Amino acid sequence: RALRDWCWDHYADPDDRAEPKASPMLADSLAGLPPAVVVTAEFDPLRDEGDAYATAMAAAGVDVTHIRGRGQMHTSITATNAIISSGSIRADIAAGVRGFFSEVARV
């Protein structure tokens with residue numbers, strides 16, 4: 001909890017934490033958001049919130065790809081050349097982002 005609070009203190013002022021820009025799940029509606037890739041790691045204190053966000057976006061009609069990083073921790077996906085098991089997840093993220101651009105090209 002102390003680490004989470006420390007992170008919050010560096011992320012947003014206490015008065016801003018109830019704003020959707022700091023906590024998107026607090027928005028009145030998630031409908032109309034652009035397509036998204038949500039990545040959650042199995043061993044991450046934010047995993048359940050990320051799972052809920054992906055589910056809520058899908059329920060609001062947002063085109064969302066939810067990638068679950070089995071065996072991963074919070075920062076392992078960005079630890080290139082250090083945690084090799086996250087390489088396939090980075091490839092999935094890249095494919096998801098490329099998909100956004102292919103949708104735009106078809107419009």
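Arg-47 and Asp-48 join their side chains in a salt bridge, at 3.0 Å from N to O. A salt bridge here is a side-chain nitrogen of Lys or Arg within 4 Å of a carboxyl oxygen of Asp or Glu. The cut-offs are under 20% relative accessible area for buried and over 50% for exposed, with partly exposed in between (1.4 Å probe, protein chains only).

The model is predicted: local features need pLDDT of at least 70, side-chain atom pairs count only at pLDDT 80 or more, and totals for chains, interfaces and linings use all residues. Residues are numbered from 1 along each chain as its sequence is written, and side-chain values use heavy atoms, without hydrogens and water.

**Salt bridges**

How many salt bridges does the structure hold? There are four.

| Pair | N to O distance |
|---|---|
| Arg-17 and Asp-9 | 2.7 Å |
| Arg-47 and Asp-48 | 3.0 Å |
| Arg-1 and Asp-5 | 3.9 Å |

Asp-5 also belongs to a network of salt bridges, together with Arg-1 and Arg-4. Is Arg-1 buried or exposed? Arg-1 is exposed, because its relative accessible area is 73%. Asp-5 has 30%, so Asp-5 is partly exposed.

**The chain as a whole**

Three helices and two strands make up the elements of the protein chain. Their order from the N terminus is α-β-α-β-α. Helices (H or I, at least four residues) and strands (E, at least two) are DSSP runs, numbered from the N terminus. The C-alpha atoms fill a box of roughly 45 × 40 × 20 Å along the principal axes. Of the 107 residues, 23% are buried.

**A negative patch**

Which residues gather in a patch of negative charge on the surface? They are Asp-13, Asp-15, Asp-16 and Glu-19. A patch takes residues with over 30% relative accessible area and no salt bridge, and like charges are joined within 9 Å. Asp and Glu count as negative, Lys and Arg as positive; His and the chain ends are left out. Each charge is placed at NZ of Lys, CZ of Arg, CG of Asp or CD of Glu. Glu-19 sits in the loop between α1 (2–11) and β1 (36–43). Its relative accessibility is 43%, so Glu-19 is partly exposed.

His-66 is part of strand β2. Its side chain makes a polar contact of 3.1 Å with the side chain of Asp-51. A polar contact is a pair of N or O atoms within 3.5 Å; within protein, one must be able to donate a hydrogen and the other to accept it, and residues adjacent in sequence count only if both atoms are side-chain atoms. The side chain of His-66 also has a polar contact of 3.2 Å with the side chain of Arg-68.

Thr-65 lies in strand β2 too. Its relative accessibility is 38%, so Thr-65 is partly exposed. Thr-65 and Ser-76 are eleven residues apart in sequence, and their C-alpha atoms are 19 Å apart in space.

Asn-81 is found in the loop between β2 (64–73) and α3 (87–106). Asn-81 is not a glycine, yet its phi is positive, at about 65 degrees. Is Asn-81 buried or exposed? Asn-81 is exposed, because its relative accessible area is 77%.

Technical notes
Patch = residues over 30% accessible without salt bridge, like charges linked within 9 Å, V, L, I, M, F, W, Y side chains within 5 Å. Areas by Shrake-Rupley, 256 points an atom, 1.4 Å probe, with all protein chains shown as cover.
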